[in-house]
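Subject: Structure for your review

Dear colleague,

Please find below the structure that I am handing over to you. My notes on what was found in it follow.

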Amino acid sequence: MLLLLLPVVPVKAEEPEIQCPGLTTYEIRFCAAQKWEESNQALKKQLNPVTLEKWKAATQEVCAAAYAPYRQGTIYPQMVVGCDDRLNRVLLEELKGLGR
């Protein structure tokens with residue numbers, strides 16, 4: 001009964017510290033997603049919202065088709081995210097060349 005009198009203290013769940021590029025599947029996926037989010041944010045600053053959405057749709061479709069043979073595998077999401085990120089970074093380099 002004494003335990004019921006103790007105040008309930010919420011426990012803060014902390015994400016494990018991950019060193020990219022990572023060694024486990026979880027770490028590799030986490031790092032790939034971080035890079036992809038970084039390139040998406042950079043494109044968000046460079047492109048208008050309509051163009052950005054069209055770009056995202058096109059890269060997702062192209063990357064999904066490129067890695068379709070792996071669709072049933074656990075590596076598929078990581079490959080698609082990596083592909084999206086690489087295409088984003090190529091576009092960012094092109095935009096940089098245009099003085100943006």
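**The disulfide between C20 and C31**

C20 and C31 are joined by a disulfide, with an S to S distance of 2.1 Å; a disulfide here is a pair of cysteine sulfur atoms within 2.5 Å. In general terms, such a link is a covalent bond between the sulfur atoms of two cysteines. The torsion about the S-S bond of C20 and C31 is about -95 degrees, so this disulfide is left-handed. The pair connects distant parts of the chain: C20 sits in the segment before α1 and C31 in helix α1, 11 residues apart. Helices are DSSP runs of H or I with at least four residues, numbered from the N terminus. By the sulfur rule the count comes to 2 disulfides.

Please note that this is a predicted model, in which local features need pLDDT of at least 70, side-chain atom pairs count only at pLDDT 80 or more, and totals for chains, interfaces and linings use all residues. Residues are numbered from 1 along each chain as its sequence is written, and side-chain values use heavy atoms, with hydrogens and water left out.

The peptide bond from C20 to P21 is cis, with omega near 20 degrees.

**The pair α1 and α2**

How do the axes of helix α1 and helix α2 cross? The axes of α1 (residues 25-46) and α2 (residues 49-66) come within 10 Å and cross at roughly 145 degrees. Axes are lines fitted to C-alpha atoms, for helices over the stretch in contact, and angles run from 0 to 180 degrees between N-to-C directions. W36, N40, L43 and K44 of α1 meet L52, W55, K56 and Q60 of α2, where contact means heavy atoms within 4.5 Å. These contact residues divide into 4 nonpolar, 2 polar and 2 charged. Ala, Val, Leu, Ile, Met, Phe, Trp, Tyr, Cys and Pro count as nonpolar, Asp, Glu, Lys and Arg as charged, and the others, Gly among them, as polar.

**A64 in helix α2**

A64 lies in helix α2. Leaving out residues up to four places away in sequence, A64 touches R71, Y76 and V80. A64 and Y76 are 12 residues apart in sequence, and their C-alpha atoms are 8.7 Å apart in space.

Yours sincerely

Terms used:
Helices (H or I, at least four residues) and strands (E, at least two) are DSSP runs, numbered from the N terminus.
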